[in-house]
Each structure stands twice: as C-alpha cells, then as structure tokens.
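Here is a short briefing for a reader new to this structure.

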Amino acid sequence: MSVETEKEDPDYGTPRSGVDKDELHREMLTRHKEAFDAVATQYQQAMDDMEFAFMPDKQWDAWMRETRSGRPMYTVNRLRQAIKQITNDQRQNRPQVKVRAVEDGDMDLAEVRQGMIRNIDSSSDADRARDTAFQFAVGGGFGVWRVNTQYADDETFDQVIVKEEIADPYSVAFDPAAKQKDRRDAMFAFVNTDMSRAEFKRKWPKADLKSVSTDKAGQSWFRDSDVTIAEYWYKEITEETRVLLSNGDILPLD
C-alpha cells in the first residue's frame with residue numbers, strides 16, 4: 001500500500017470491509033511513525049557499524065577528518081576481515097530447512113515437502129537472500145529477507161513461493177509491541193521502497209498523487225525526483241466459538 005491512493009486500481013489492495021479509507025490511511029501513518037521511531041536509534045547505530053566496518057575512511061569521524069585535512073590518515077581495518085571470516089564460514093555451511101517425520105507413516109510426506117522446500121530455495125536464489133541478511137546481522141545486528149509469492153510465468157495464473165533478498169534491512173519495521181525475535185507476534189509491518197516518479201507512474205498510471213509531503217514522523221513521501229512506497233501488512237483479530245463433539249471432532253459452532 002502506498003501513501004498515494006488509487007480509487008479503482010485493484011493493485012492497491014482491498015481495505016477492511018466497513019473501514020473508511022481515510023481512517024485506514026491515518027492508521028497506517030500513525031503505525032508507520034510508531035514502528036520506525038521505535039527502531040530509529042538501533043538502525044542508526046547499525047548503519048554506523050556497517051559503515052565503520054566496510055567503507056573506507058569511516059573509522060575516522062568527521063571532526064578528525066576535518067582537523068587532519070591535508071595530512072595522512074591511515075586505516076588498518078581489522079574488523080572487516082573478522083566479519084568476513086564469520087560470513088565465509090556461513091557460506092560454506094549454510095543453514096537448511098529439515099523436515100522430520102513425526103511417525104513412520106509420515107516419512108514419504110516429509111520427503112516430498114523437503115524436496116519442495118529445496119526447489120523453492122534453488123529457483124528463487126534463497127542463498128543470496130540469506131547471505132545478505134546474515135552479513136547485515138553480523139555487521140550491524142539486524143538482517144531480514146522475505147517469503148513472497150509471484151506468478152510462475154506470463155502465461156498462467158499459477159503462483160509459486162519465492163524467497164527474496166532485502167538489500168536494505170533498515171527499510172523494514174515491525175509492530176514495536178512484538179516480543180518474539182522473528183516478530184511472529186507483530187500485528188503490523190512495513191517495508192519502504194524508494195522509486196523514481198517516472199517508475200511510479202509506469203507501474204500505477206492511474207494513481208492520484210496527493211499532497212501528504214511529510215507525516216508527523218518527518219517522513220518525506222514526495223521529493224523532486226522520487227517517492228517512497230510503503231508496503232503495509234496488518235492482522236485482524238476475530239472471535240469464533242468452537243465446539244467439541246462426542247466423537248472428538250472440534251468444529252466451528254455454525
């Protein structure tokens with residue numbers, strides 16, 4: 001979902017039934033601010049760590065570079081080599097999903113699922129997604145990748161599961177109230193993507209660019225040459241009454 005709105009384009013997703021679109025938009029902006037504000041300090045420190053480890057001369061701070069202008073500034077980067085030793089070990093022995101059968105009768109099913117997972121990894125270049133996430137995790141303490149679906153090809157409506165690289169982990173933010181390390185208990189999540197205005201108009205030619213230049217978090221959605229798109233996911237809590245039948249089956253009451 002982007003900050004820009006498109007009244008009839010189905011690519012923008014379907015709001016919850018009975019929810020006003022303006023209200024949903026306000027909720028998104030509020031949650032976006034909460035999510036990124038909660039991790040702003042952590043992300044800045046992580047970016048500083050990654051620059052310190054991988055970018056030339058970043059081991060000298062701005063004040064020292066200005067003070068020593070015109071004088072030699074040597075950098076002996078021992079940290080990058082230590083990080084590469086860890087990431088190279090990970091590449092040589094990548095973690096893999098292992099499906100184990102609970103009972104003997106499940107052996108064939110477990111083998112089939114193991115093959116399906118292996119095919120997903122192979123066809124979607126999952127190793128690259130995990131390697132990128134691992135490097136950011138080692139260097140800055142935080143890395144992510146995503147599991148997604150896409151059409152198998154242009155001639156079918158069949159969809160396949162893919163694992164995708166997220167090159168910028170600091171574009172991702174989850175519900176600040178989530179406690180689990182993998183954020184499975186988060187009620188919402190965002191992924192920000194910057195793209196040129198020309199690319200945006202090519203993808204959504206009917207989109208109405210509305211003037212919401214800056215939200216309360218100071219997030220600039222519109223700039224001279226590009227815009228920020230925010231993908232937004234959320235969970236809804238529903239209640240359901242279930243009954244236990246005399247034969248042991250558990251079914252919804254209706």
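Asp194 touches Arg223, Asp226, Val227 and Thr228, leaving aside residues up to four places away in sequence; a contact means heavy atoms within 4.5 Å. The model is predicted, so local features need pLDDT of at least 70 and side-chain atom pairs count only at pLDDT 80 or more, while totals for chains, interfaces and linings use all residues. Residues are numbered from 1 along each chain as its sequence is written, and side-chain values use heavy atoms, with hydrogens and water left out.

**Asp194**
- Asp194 lies in strand 4 (residues 188-196); strands (E, at least two residues) and helices (H or I, at least four) are DSSP runs, numbered from the N terminus.
- Asp194 has a relative accessible area of 52% and is therefore exposed (exposed is over 50%, buried under 20%, partly exposed in between, with a 1.4 Å probe and protein chains only).
- From C-alpha to C-alpha, Asp194 and Phe222 are 9.8 Å apart in space and 28 residues apart in sequence.

**Helix 5**
- Helix 5 (residues 126-140) has 15 residues.
- Its buried residues include Ala129, Asp131, Phe136 and Gly140.
- Those buried residues pack against helix 1 (21-54), helix 3 (78-92), helix 4 (107-123), strand 1 (145-151) and strand 2 (159-165).
- After helix 5 comes Gly141, with a positive phi near 90°.

**Asp131**
- Asp131 sits in helix 5 and is buried because its relative accessible area is 9%.
- Asp131 touches Gln90, Arg91 and Arg94, not counting residues up to four places away in sequence.

Technical notes: Expected span 1.5 Å × (residues − 1).
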